[in-house]
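Q: Can we go through this structure piece by piece? I would like plain answers.

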Amino acid sequence: MPHASVLIVDDEKNILSTLSRALRLEDFDVDVAGNADITYRKLAAKAYDLLLLDVQLPDQDGLTVLRTLREGGNDVPVIMMSGHGTIETAVEATRLGAFTFLEKPIGTESLLIAIRNSLGFAQLAAENRQLKEASGATDELLGDSRVMVDLRERIALASNANANVLITGERGTGKELVARAIHRGSQRAAGPYEKLNCAAVPSELIESELFGHEAGAFTGATKQRRGKFERASGGTLFLDEVGDMPAQMQAKLLRVLQENEIERVGGSAVIRVDVRIVAATNKDLRREIDEGRFRADLHDRLNVLPVRVPPLRERLEDVPRLAEHFLRQVCAANGRRGKSLSEGAMKLLTSYDYPGNVRELRNLIERLVILTPDEVVDERAARALLPIAGAGAGTYYRPGTPLRRMLATVERDLILRALEHHRGHITNTAADLGLERSHLYKKMKALEIRRESRGGDKR
Ligand SMILES: Nc1ncnc2c1ncn2[C@@H]1O[C@H](COP(=O)(O)OP(=O)(O)OP(=O)(O)O)[C@@H](O)[C@H]1O
Ligand SMILES: [Mg+2]
């Protein structure tokens, strides 16, 4: 691969000059660094195609350099070099993501083979990543905010247990990604992962979807068919939108969860199943229970490990990372050159509150890419598409209205927003706003804010 750029890192001048000469003869674009510090700076300044990294450097050892790079998200292909390579170091290096390990003295021939293999592999990996992004198949949960770190911990906890999980969260927060992550991290990861969207399947078909049917069980059932429970046995069954399950099915599901046995529709044989249920809903199941639409006993069976996925507005610091990710994904899917967001556009995106959460952000980026012809999407383009266009005084000013009344509107909105943020929790809302609890109550009364008009769990 001529013209590929290689950074050689070693503190021995001899080695640097020998290897550089050999690689330049093969048309590589070669650069050198004598210690870790220079390496970091060169890598920050330029995207190299390959790093040849010595294990022993004067200021830091090569494994630490490799680890630091990977933790920082740099995935440049790396070939490690060592004078006294022990197996342990080699194993550790590959575990950290080095492509291979060469022992000094390094022959030109073996060096070139290692470089070609490594570059070829990196290219395949990049293409694979691109394809996945284009097809929307990446299912990594992105975000480094405190709440996301907590969520990942929670997911790890849920993965390790074998109990049923109930995922709650507003629409578009990533519940489906969480469900998959729980399965992937669990002891059942090698087993099947089946999914049923309880809101999308007509109620009369849910039973056969879940439990399967025998031939002739109902009109159209010409062949025997295994249901999701049977197919998920040994693995995980994801019941999405479980809050929409019809009452009759809730009773049947409960029985299966108690007995770990199913019967196919139209059949009489009892089939044992070993299934872990991960359920999700964007409904407030407690309210559904209070209002008689969801069974409390089924809720208890499902909600052994609750996982709450936070709305995007509670982690706006994740917006830049997510926006960049969707930008790349959308550009790849539309076969466009990579676009970027101006600083101002990014700032604007980070100040919106996303009632539709991550899905809304993704859709927004998609519209920005398609509607903006320029390489750089600037603040104006972003403002034109954001539902809050010109939010601020413009939203509240009504010509001919006394200031007192306009201020009341603003105050009411702010309190409603704060209450929503704290899921209707009065004490937390009052503390957040720097008010006495009783004062907040008084204001709510004066502004005609009724508590039951708020979503979330009321306390
Ligand atoms: N943390 C995240 N990192 C990357 N992508 C995310 C993240 N959270 C959500 N997404 C993406 O946002 C979109 C919505 O996520 P998902 O379908 O999991 O939401 P949901 O909570 O199941 O919503 P709904 O209740 O409407 O079904 C998906 O395209 C998903 O890939
Ligand atoms: Mg979903």
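**Notes on the model**

A: At 17% relative accessibility, Thr89 counts as buried; buried means under 20% relative accessible area, exposed over 50%, and partly exposed in between (1.4 Å probe, protein chains only). This is a predicted model, in which local features need pLDDT of at least 70, side-chain atom pairs count only at pLDDT 80 or more, and totals for chains, interfaces and linings use all residues. Residues are numbered from 1 along each chain as its sequence is written, chains are lettered from A and ligands numbered from 1 in the order in which they are written, and side-chain values use heavy atoms, with hydrogens and water left out.

Q: Where does Thr89 sit, in which helix?

A: Thr89 is in helix α4, residues 87-95. Helices (H or I, at least four residues) and strands (E, at least two) are DSSP runs, numbered from the N terminus.

Q: And what does Thr89 touch?

A: Leaving aside residues up to four places away in sequence, Thr89 touches Val55, Leu63 and Phe101. Contact means heavy atoms within 4.5 Å.

Q: Now the sheet. What is the strand order?

A: The order is β2-β1-β3-β4-β5, in an open sheet of five strands with parallel pairing. The edge strands are β2 (29-33) and β5 (100-103), each of which pairs on one side only. Two strands pair if DSSP finds at least two bridges between them.

Q: By how many degrees are neighbouring strands of this sheet turned?

A: On average by 20 degrees against each other, direction ignored. Axes are lines fitted to C-alpha atoms, for helices over the stretch in contact, and angles run from 0 to 180 degrees between N-to-C directions.

Q: How many bridges join β4 to β5?

A: Four bridges join β4 (residues 78-82) to β5, and the two run parallel. Ile79 has Thr100 in β5 as its bridge partner.

Q: Different topic. How many aromatic pairs?

A: The count comes to four. Rings of Phe, Tyr and Trp (its six-membered ring) pair if their centres lie within 6.5 Å; planes under 30 degrees apart count as stacked, over 60 as edge-to-face and the rest as tilted. Among them is the tilted pair Phe99 and Phe121, at 5.5 Å centre to centre with 45 degrees between the planes.

Q: Which parts does the pair of Phe99 and Phe121 tie together?

A: Phe99 lies in the loop between α4 and β5 and Phe121 in helix α5 (residues 108-134), so the pair ties together parts 22 residues apart in sequence. Phe99 is partly exposed at 31% relative accessibility, while Phe121 is exposed at 52%.

Q: Last one, ligand 1. Which residues come nearest?

A: Of the 19 residues around ligand 1, Leu142, Gly172, Lys175, Arg359 and Arg362 come nearest. A residue is near a molecule or strand if one of its heavy atoms lies within 4 Å of it. A polar side-chain atom of Arg362 lies 2.5 Å from an oxygen atom of ligand 1. For a polar backbone atom of Gly172, the distance to a ligand 1 oxygen atom is 2.7 Å.

Technical notes. A polar contact is a pair of N or O atoms within 3.5 Å; within protein, one must be able to donate a hydrogen and the other to accept it, and residues adjacent in sequence count only if both atoms are side-chain atoms.
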